[in-house]
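Please open the structure in a viewer and keep the sequence beside it.

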Amino acid sequence: MFSKYTKDALTILQNEIVEGLQKDGLKYFKSFLGYGYPKNALTLKEYSGINFWALNIQKRKLDFKSNLWCTKKAWLSVGATILEGQEKNGRAIFYYSTFKKNVRENEKNDEKTFAFLKISYVYNVEQVDLKNSTYRVPSETPESKVIDNTEIENFIKSIDGLKLSHSNDGRCYYNLTVDAIVMSDKSTFKDTPDNSATGNYYSVLFHELIHWSGADNRLKRFEKNKKRFKDNAQLEYAHEELIAEIGSVLLSQRFNIQKTVNNNNLAYLKSWISALKNDNKFLISALSQSYRASEFLLNKGKLKEYPEQLRKVA
């Protein structure tokens with residue numbers, strides 16, 4: 001049950017998520033987060049589900065460093081006030097409430113409970129004045145679980161022309177325009193059922209490295225696949241994601257941080273191969289191109305010949 005007001009707020013959120021997926025792929029939130037999972041500033045309870053997305057989008061949009069949030073009423077309870085001009089920048093979060101109503105069925109009156117979705121507005125700790133408040137901001141910087149792998153770190157440093165930086169906004173991506181990789185800080189990576197925080201960090205880094213290898217001044221993969229898919233951006237993107245994920249597995253195995261394809265890899269690959277209508281020829285092509293990309297990287301970012309049988313299918 002939605003009010004028009006709530007529907008409008010949900011529509012805005014939906015559009016923002018779609019836009020975000022198109023721009024920089026929010027798909028990687030599963031294995032790492034920005035500094036601090038969005039939390040209630042007073043109870044430190046984590047926001048989940050749709051509110052997780054809503055608050056992380058707002059955090060990025062307004063460039064907040066903190067991920068602590070509360071309603072205006074909650075901030076007032078600790079003597080904090082919303083800063084001038086920030087009232088309009090509250091973020092809608094969604095939660096369920098219930099009401100009871102007598103319903104007549106089969107000639108009987110029964111009291112039934114109905115759930116409905118409500119919205120409330122929260123404000124980041126950076127949007128409030130704490131001068132006269134009893135509230136003290138807790139540390140949000142997590143302790144890193146990633147253990148540096150010397151062999152991989154030296155390998156990364158050896159790659160010709162690689163520009164790599166880290167940020168705390170919970171995003172990992174290859175930026176084609178500036179030809180650079182941005183990784184989320186190591187401290188934002190977490191353990192998952194299939195992998196350790198260390199394994200997750202390096203597998204994501206390998207994924208982005210495979211993307212990096214496709215640029216025009218390297219393997220020219222983007223240019224070739226654009227022609228192959230005749231400017232069908234959706235198919236082209238799906239194919240590139242297959243290449244990057246398979247290449248990540250190849251490099252993870254090469255550096256002995258992953259023995260085989262795990263369930264997370266399989267789920268990710270399945271999502272993209274389905275976008276390619278489960279056509280195995282795309283998978284074969286992705287395998288060959290990911291092999292070439294991983295070999296290119298292991299050769300420190302320098303071009304070299306690779307087997308003729310792979311050249312034909314790539």
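**Before selecting anything**

This is a predicted model, in which local features need pLDDT of at least 70 and side-chain atom pairs count only at pLDDT 80 or more, while totals for chains, interfaces and linings use all residues. Residues are numbered from 1 along each chain as its sequence is written, and side-chain values use heavy atoms, with hydrogens and water left out.

**The whole chain**

Display the protein chain as a cartoon: it holds ten helices and nine strands. Both are DSSP runs numbered from the N terminus (helices H or I, at least four residues; strands E, at least two). Of the 314 residues, 46% are buried, meaning under 20% relative accessible area with a 1.4 Å probe, protein chains only; exposed means over 50%, and partly exposed lies in between. Among contacts (heavy atoms within 4.5 Å) with a separation of 6 or more, 68% link residues 24 or more positions apart.

**The sheet of strands 7, 9 and 8**

Select strand 7 (164–167), strand 8 (173–175) and strand 9 (180–184). These three strands form an open, mixed sheet in the order 7-9-8, where two strands pair if DSSP finds at least two bridges between them. Strands 7 and 8 stand at the edges with a single partner strand each, so one side of each has no neighbour in the sheet.

Look next at the two pairings. Strand 7 and strand 9 run parallel and are joined by four bridges; Ser-167 has Ser-184 as its bridge partner. Strand 8 and strand 9 are antiparallel, with three bridges, and Tyr-174 stands opposite Ile-181. The hairpin formed by strands 8 and 9 has four residues between them, and Asp-179 in the turn takes a positive phi of about 55°.

Now colour strand 9 by burial. Five of its five residues are buried, so strand 9 is largely enclosed by the rest of the structure. Ala-180, Val-182 and Ser-184 lie on one side, Ile-181 and Met-183 on the other. In a regular strand the side chains alternate between the two faces of the sheet.

**The cores**

Which residues touch the most other members of the largest nonpolar core? Select Phe-155, Met-183, Phe-189, Phe-206, Leu-209, Trp-212 and Leu-297, out of 36 residues in that core. A nonpolar core is a set of buried Ala, Val, Leu, Ile, Met, Phe, Trp, Tyr and Cys residues joined through side-chain atoms within 4.5 Å. Helix 5 gives the most to this core, with nine residues. A second, separate core of twelve residues includes Ala-41, Cys-70, Tyr-123 and Val-128.

**Helix 6**

Finish at residues 221–228, helix 6, where Arg-221, Phe-222 and Asn-225 are buried. They cover an arc of only 95° around the axis (taken from the directions to the C-beta atoms), which puts them on the same side of helix 6. Just after this helix, Lys-230 takes a positive phi of about 50°.
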